[in-house]
Amino acid sequence: MLNYMKSEIYRVTHSRAVYMTVAVLTALPLLVNLILHWTDGITPGFRYGTTSFSYSNIIINPMIYCYIACIIAAVLYESGRRNGNLRNTVAYGVSRTEIFIGKCIVSLITSLVILATVMSVFIGSAMLLLKHEGPAGIGTLLREIPAVSLTAVAALVLGILIFELFESTTVGMIIWFLLIQILPTVLFYMGLRFDAVMKVAMWFPVNIFRTGVVMNMSQCIVLWDTTDGMIKCLITGGVSVVIAGAAGLLLLRKRDLQF
């Protein structure tokens, strides 16, 4: 498996698609901050040219880390399925479970590098270009990262698993979105009428973050700014990682036995 991981790291570091993904993810927040800075300079009384408003775009959308994790998984391994690399690797004696574990580790390393790059540009440009005003500070933004980290890892692992099980990347992303976003949302709204369903629904990360963030121009109240809230985020994320990882190992081991 170590040799497989080395080959994957080499492939990732020489992939044009990966560098393009980093460029796009870095350029988008930079562009937003440039627009806010430019608009603030030409519009008297403009209220949104602040670091708080810029940070709020991420703070109120914690699941964005999960969506990007899914995109990274798709970018890393879509071409491998199309080119038949997976079949070749299996033919050389590497099991699907070993491939799965290797992909998860390499994807996690890649995601951390991308996260560090994007957030450095985002925060740096905001601090340089925008007024340091508003209720949302850099501390709240940075604490969001560990709060969402395990949930994002679970989303990454689930994405890799689904892309292993389904040939079509589009189908895989739809199924991933149904499991991560649609199913928890349906349960949440059902829970408004049935208390038992709400108890289940509130263990899904998307519903925890949906009800755990209150953000506007005058206040910023987030779940992870309290010890109990941070612990709940980490527990939920940790359980999600275990479920996604166990599902991957069981399903892919079963597929190995069929060959």
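Me: In which helix of this predicted model is valine 12 found, and is valine 12 buried or exposed?
Reply: In this predicted model, valine 12 is found in helix 1, which covers residues 2–13. Its relative accessibility comes to 7%, and a residue under 20% is classed as buried. The answer is therefore helix 1, with valine 12 counted as buried.

Me: Which residues is valine 12 in contact with, once its neighbours within four places in sequence are left aside?
Reply: Contact here requires heavy atoms within 4.5 Å, and neighbours of valine 12 within four places in sequence are left aside. The contacts of valine 12 are Val18, Leu76, Val106 and Thr110.

Me: What is the relative accessible area of cysteine 70, and is cysteine 70 buried or exposed?
Reply: Cysteine 66 counts as buried, at 1% relative accessibility. For cysteine 70 the class is also buried, and the relative accessible area is 1%.

Me: How far apart are the end C-alpha atoms of helix 8?
Reply: Helix 8 runs over residues 169–191, and its 23 residues, at 1.5 Å a residue, should span 33 Å. A kink of about 40° is centred on leucine 178 in this helix.

Me: Which residue caps the N-terminal end of helix 8?
Reply: The cap is made through a side-chain oxygen, which lies 3.4 Å from the backbone nitrogen of threonine 170. Within helix 8 itself, the buried residues include Thr169, Gly172 and Trp176. The capping residue that supplies the oxygen is serine 168.

Me: Where is threonine 50 found, and which residues does threonine 50 touch beyond those up to four places away in sequence?
Reply: Threonine 50 is found in the loop between helix 2 (16–42) and helix 3 (51–59). With 7% relative accessibility, threonine 50 counts as buried although it is a loop residue. Not counting residues up to four places away in sequence, threonine 50 touches Leu130, Lys131 and Glu133.

Methods: Residues numbered from 1 in each chain as written. Predicted model: local features only at pLDDT ≥ 70, side-chain atom pairs only at ≥ 80, totals over all residues. Heavy atoms only, no water. Helix = DSSP H or I, 4+ residues; strand = E, 2+ residues; numbered from the N terminus. Buried < 20%, exposed > 50% of the residue type's maximum accessible area, 1.4 Å probe, protein only. Expected span 1.5 Å × (residues − 1). Bend = angle between axes of the 7 residues up to and from the residue. Polar contact = N/O pair within 3.5 Å; in protein donor to acceptor, adjacent residues only side chain to side chain.
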